[in-house]
Amino acid sequence: MTGVNVTALILGLVLGLMIFLFIFRIILTWYPQVNLNRLPFNLIAWPTEPFLLLLRKLVPPIGGVDITPIIGVAIFSLVREILLGQQGLLTMLSR
């Protein structure tokens, strides 16, 4: 395995995990009584919150609804596709 392949593998796992956590974060917004500071929910909130804080500064709630987790999924999916997709940068480098 070359360095590009190892980088692509690790990056793919990290980006996939973040997308998965953001999707769980979207599901947790349906249950406002959930305390994100307690286990197991803090395992979802801890890695996603820094990104959501930055997005909340740029995108205010629309009609009282926080859409930043949806934007987070979109951003991480886009980055994953640009880097690791069928025509992605790291995919092209590994050929």
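Arginine 56 and aspartate 66 join their side chains in a salt bridge, at 3.1 Å from N to O. Arginine 56 lies in helix α2 and aspartate 66 in the loop between α2 and α3, so this pair ties together parts that are 10 residues apart in sequence. The model is predicted. Three salt bridges turn up in a search of the whole structure.

**The salt-bridge network**

- Arg25, Glu49, Arg56 and Asp66 are linked in a network of salt bridges.
- Side chains of opposite charge can pair when their charged atoms come close.
- Glutamate 49 pairs with arginine 25, and the closest N and O atoms are 2.6 Å apart.
- Glutamate 49 sits in helix α2 and arginine 25 in helix α1, so this bridge ties together parts that are 24 residues apart in sequence.
- Glutamate 49 also forms a salt bridge with arginine 56, where the closest N and O atoms are 2.7 Å apart.
- Arginine 56 in turn meets aspartate 66.

- Arginine 25 is buried, because its relative accessible area is 6% and the cut-off for buried is under 20%.
- Glutamate 49 has 23% relative accessibility, so it counts as partly exposed.
- Arginine 56 is partly exposed as well, at 30% relative accessibility.
- Aspartate 66 has a relative accessible area of 29% and is partly exposed.

- Isoleucine 23 counts as partly exposed because its relative accessibility is 39%.
- A residue needs over 30% relative accessible area to be part of a patch, and isoleucine 23 has 39%.

- Most peptide bonds are trans.
- Where is proline 40 placed? Proline 40 is in the loop between α1 and α2, and helix α2 covers residues 42-58.

Terms used
Residues are numbered from 1 along each chain as its sequence is written. This is a predicted model: local features need pLDDT of at least 70, side-chain atom pairs count only at pLDDT 80 or more; totals for chains, interfaces and linings use all residues. Side-chain values use heavy atoms; hydrogens and water are left out. Buried means under 20% relative accessible area, exposed over 50%, partly exposed in between (1.4 Å probe, protein chains only). Helices (H or I, at least four residues) and strands (E, at least two) are DSSP runs, numbered from the N terminus. A salt bridge is a side-chain nitrogen of Lys or Arg within 4 Å of a carboxyl oxygen of Asp or Glu.
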